[in-house]
Amino acid sequence: MCGIVGYIGRQDAAPVVLEGLTRLEHRGYDSAGVAVLGGRGIRVAKRAGRVRQLGDALPKRFTGTTGIGHTRWATHGPATDRNAHPHVDESGRVAVVHNGIIDNSAALRAELTDAGVALASDTDTEVLAHLVARSDADTLEGKVRDALRVVVGTYGLAVVHADFPDRIVVARNGSPLVVGVGDKEMYVASDLAAIVRHTTTVAMLDDGEMATVTAAGFTTMRHSDLSSTGKTASQVDIDAAAYDAGEHESYMRKEILEQPTTAQAVLRGRLDERFGTAHLGGLDMDARDLRAVRRVKILGCGSAYYVGQMGAALIEELARIPADAEAASEFRYRDPVIEPDTLYVAVSQSGETIDTLLAVQEVRRKGGRCVGLVNVVGSAIARECDGGIYLHAGPEVAVASTKALTNMFLGFALLALQLGRVRDLSIADGKRLVAGLERLPGQIEEVLAGEDGLVDVARSLAEARSLFFIGRVRGFPVAREGAQKFKEISYRHAEAYQTSELKHGPLALIDPDVPTVALVPRDELTESNIGALHEIDARQGPLVVITHPEVDLGEIGAHRIDVPRNEPELDPILLTIPLQLLAYHAARHLGHDIDKPRNLAKSVTVE
Ligand code: F6R
């Protein structure tokens, strides 16, 4: 998704802004641009393509100590030079970068055209530059306020104006913005990743908030009436090195390999061996509140939705209360009935996914209680929820989610354990699961140690144009996640099915060119799963079986990948790890840009 970086201070702004933009590249974008404000007013350079190409093509003397930059992910109008941000007004004295969507841009564009303004792009953003320029307020803050008064939509935006060269004005409504404090220099960004090398003293803007940023500091205010919100900056506990791939050839590989450590981080201090339960202080729910929960509804998008399905199964098994997961992107549109005794759980790595955020708002607007399982501390979803569980996976940079997803599963396991133990889950079962959770990080490490054995299998899967991923009950969301990961980065058609549904349709597609990746744990469904494998084998369908060492596949011709057994309820996450490696090595074999898959964005902040 789009990214914003701004700088004001003593240095030349363009290199700082461009460097910040490269830090946001993984979020997905198709064009980039930068505006600098110097002695000769505003100069803009922008183009479709990569930030590096933009940097190589900067005009001579592109200097100024104030600058704003942007990476654009096309929504309104194709990815062309003229649609790239920053956008300027007709006089070239105002420049704007914007994340989000202006919903009434068509009407505003028509009004501006009627008023004789010549629009220079197809974008919704451009209207902002003209609206700011046309305001007769005598401060830049007033001009931005006037523009935002007529705008309907979501935005994180940064504005510079040649008549107010000492400042950048930023505003937020539904799209993140952070202000970073340096020594006589200041930064703005849509993501901490862009500025964390310069400063970890930051202020996150809230929706409805605006900030004036000068080289000497910043002040915050409501953009409706410019009344002060008095926000101050605070220190964030983030290691800048966590944003570097280090010796790894991609962030995805780094993040896959980090899982034994990051899995420990989400469990740390939360397991109670004595009572076989979990402590989740951030939930802000006592035993009475937890007992009052009659149903759990999990809301997330993409992989977060699939892990939500794994979480729902865990909760239903351990706490014996009905639980299900729903795509947050659909939830709001069916005018859902919000029940007072249902616990809604929003799950999100970024904490900024707009569909999930809007689903949380729908729940809360109707009086429901929504807690969050969120990785990014202080993110919009985390703040919107009534409480929650931070996932402590550290920054996840690769678009394809791996370590955050694992920690989401573990977060659900902790929640299920706590919900179970205030009900009928026995202390013996509680202790069994606590011990299982404690074993998991080491077992994840064991699976990762088998990576070399997966490379050739992944390569052979990469050659197929279409694949199936199959699993049953606990294994089905694992299959969905496996197919998702595979298609995201290999661009192969990968479809997940319940193993039990194969002969109700998709078996017709099985032939020697269509491989199936099957999840066959040692559990009460093993025999039935093996029956399905025979049916695939009989039709010469190539098989990769992810299973436990105890499972005997007999004569079935399959490549098997063994994972260690844990408690059956916790097996799904160990079955998921090889699927990450298969997707990774398939994409690597195909030569794809693993961290920046085509058409995808790390954090989907537009509907
Ligand atoms: C898959 C993936 C996406 C995200 C989804 C939700 O690998 O990364 O499907 O899971 O866009 O993102 P978050 O978790 O940030 O809400």
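User: What kind of model is it, and what ground rules apply?

Analyst: The model is predicted; local features need pLDDT of at least 70, side-chain atom pairs count only at pLDDT 80 or more, and totals for chains, interfaces and linings use all residues. Residues are numbered from 1 along each chain as its sequence is written, and side-chain values use heavy atoms, with hydrogens and water left out.

User: Start with the ligand. Which residues come nearest?

Analyst: A residue is near a molecule or strand if one of its heavy atoms lies within 4 Å of it. Around this ligand there are 15 residues, and S348, Q349, S350, T353 and E488 come nearest.

User: Which helices supply the shell around the ligand?

Analyst: Helices are DSSP runs of H or I with at least four residues; strands are runs of E with at least two, and both are numbered from the N terminus. Here α9 (303-319) and α16 (475-490) each supply at least two residues of the shell. The most comes from α16, with three residues.

User: Which polar atoms lie by the oxygen atoms of the ligand?

Analyst: A polar contact is a pair of N or O atoms within 3.5 Å. Within protein, one atom must be able to donate a hydrogen and the other to accept it, and residues adjacent in sequence count only if both atoms are side-chain atoms. In this site, a polar side-chain atom of S348 is 2.6 Å from a ligand oxygen atom. For T353, a polar side-chain atom lies 2.5 Å from an oxygen atom of the ligand. S401 uses a polar backbone atom, 2.9 Å from a ligand oxygen. On its own the ligand has 410 Å² of accessible area, and the protein covers 91% of that. Such areas come from the Shrake-Rupley method with a 1.4 Å probe; for residues, only the protein chains shown count as cover.

User: Now helices. Is α5 largely enclosed or largely open?

Analyst: Buried means under 20% relative accessible area, exposed over 50%, and partly exposed in between, with a 1.4 Å probe and protein chains only. In α5, eight of the 11 residues are buried, so the helix is largely enclosed by the rest of the structure. Among the buried ones are K143 and R145. The cover includes α4, β7 (155-161), β8 (168-173), β12 (209-214) and β13 (217-222).

User: How do I read a pattern of buried residues along a helix?

Analyst: An α-helix has 3.6 residues a turn, so residues three or four places apart point the same way. In helix α1 (residues 13-23), the buried residues are A13, A14, V16, V17, L18, G20 and L21. They pack against β1 (3-8), β2 (31-38), α2 (51-56), β4 and β10 (186-189).

User: And R134, where does it lie?

Analyst: R134 lies in helix α4 (residues 126-134). With a relative accessible area of 48%, R134 is partly exposed. R134 touches L112, A115 and V117, not counting residues up to four places away in sequence.

User: Which backbone angles deserve a look?

Analyst: The peptide bond from H85 to P86 is cis, with omega near 0°. P86 sits in the loop between β4 (66-72) and β5 (87-88). D335 is not a glycine, yet its phi is positive, about 45°. D335 is exposed at 55% relative accessibility. H392, also not a glycine, has a positive phi of about 50°. The loop between β21 (387-390) and α13 (403-421) holds H392.

User: Last one: what does H279 touch?

Analyst: H279 touches R270, D272 and Q418, not counting residues up to four places away in sequence. The side chains of H279 and D272 are joined by a polar contact of 2.8 Å. H279 is partly exposed, with a relative accessible area of 42%. H279 and L417 are 138 residues apart along the chain, but their C-alpha atoms are separated by 9.4 Å.

Key
Contact means heavy atoms within 4.5 Å.
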